Amino acid sequence: MTYRFGDVTVDQRAGQLQRSGRVVPLEPRAFHVLCVLIEHAGELVDHQTLLDLVWSDVAVTPHSLTEAISQLRRALDDDPRRPRVIETAHRRGYRFIAAIEQLPSIGPARWRLPGRLVTLIGRDADLAGLID
């Protein structure tokens with residue numbers, strides 16, 4: 001899925017965040033936090049749910065989530081005192097609050113290869129031997 005809000009585009013398939021057409025580097029876990037928040041836009045996502053979804057394969061402290069949110073706020077130029085994108089519900093969780101638009105997904109690239117050849121010219125005897 002690809003989403004847009006303000007001057008930001010989030011391409012989940014590419015694992016990429018762009019701001020004003022420029023790629024903004026993010027740690028993969030921070031990007032995953034953003035994707036979870038976007039998928040639950042407008043809803044409060046509690047700390048434990050985010051930790052379980054994003055860090056399901058490792059044991060971490062809540063500090064890891066705090067650091068991911070801080071990285072997202074820097075990347076999105078979002079002020080926690082006057083949030084436009086991620087709102088903090090103190091001691092409970094986070095909510096994605098920006099107006100968001102889901103962009104149409106572009107399917108996987110299809111290679112333009114020639115059709116399969118099925119005629120073996122001059123190899124009738126060999127072909128007959130394979131069929132038997």
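Biologist: On what basis are the features reported?

Modeller: The model is predicted, and local features need pLDDT of at least 70, side-chain atom pairs count only at pLDDT 80 or more, and totals for chains, interfaces and linings use all residues. Residues are numbered from 1 along each chain as its sequence is written, and side-chain values use heavy atoms, with hydrogens and water left out.

Biologist: In what order do the three strands of the open sheet stand?

Modeller: Strands (E, at least two residues) and helices (H or I, at least four) are DSSP runs numbered from the N terminus, and two strands pair if DSSP finds at least two bridges between them. Here the order is β5-β7-β6, with antiparallel pairing. The edge strands, β5 (44–46) and β6 (86–89), each pair on one side only. Four bridges join β6 to β7 (residues 93–96), and Thr 88 stands opposite Tyr 94 in β7.

Biologist: Which strands does helix α1 touch, and at what angle to β7 does it run?

Modeller: Contact means heavy atoms within 4.5 Å. Axes are lines fitted to C-alpha atoms, for helices over the stretch in contact, and angles run from 0 to 180 degrees between N-to-C directions. Helix α1 (residues 28–39) packs on the sheet and touches β5, β6 and β7, its direction making about 65 degrees with that of β7. Helix α3 (residues 62–76) lies across β6 and β7, at about 145 degrees to β6.

Biologist: Which residues touch the most other members of the largest nonpolar core?

Modeller: In soluble globular proteins, nonpolar side chains tend to be buried together. A nonpolar core is a set of buried Ala, Val, Leu, Ile, Met, Phe, Trp, Tyr and Cys residues joined through side-chain atoms within 4.5 Å; buried means under 20% relative accessible area, exposed over 50%, and partly exposed in between (1.4 Å probe, protein chains only). Among the 31 residues of this core, they are Phe 5, Val 10, Leu 17, Val 33 and Leu 37. Helix α1 gives the largest share, eight residues.

Biologist: How many salt bridges are there?

Modeller: A salt bridge is a side-chain nitrogen of Lys or Arg within 4 Å of a carboxyl oxygen of Asp or Glu. The count comes to six. One of them joins Glu 101 and Arg 4 (3.2 Å, N to O), linking strand β8 (residues 101–103) with strand β1 across 97 residues. Glu 101 is partly exposed at 40%, and Arg 4 is partly exposed at 34%.
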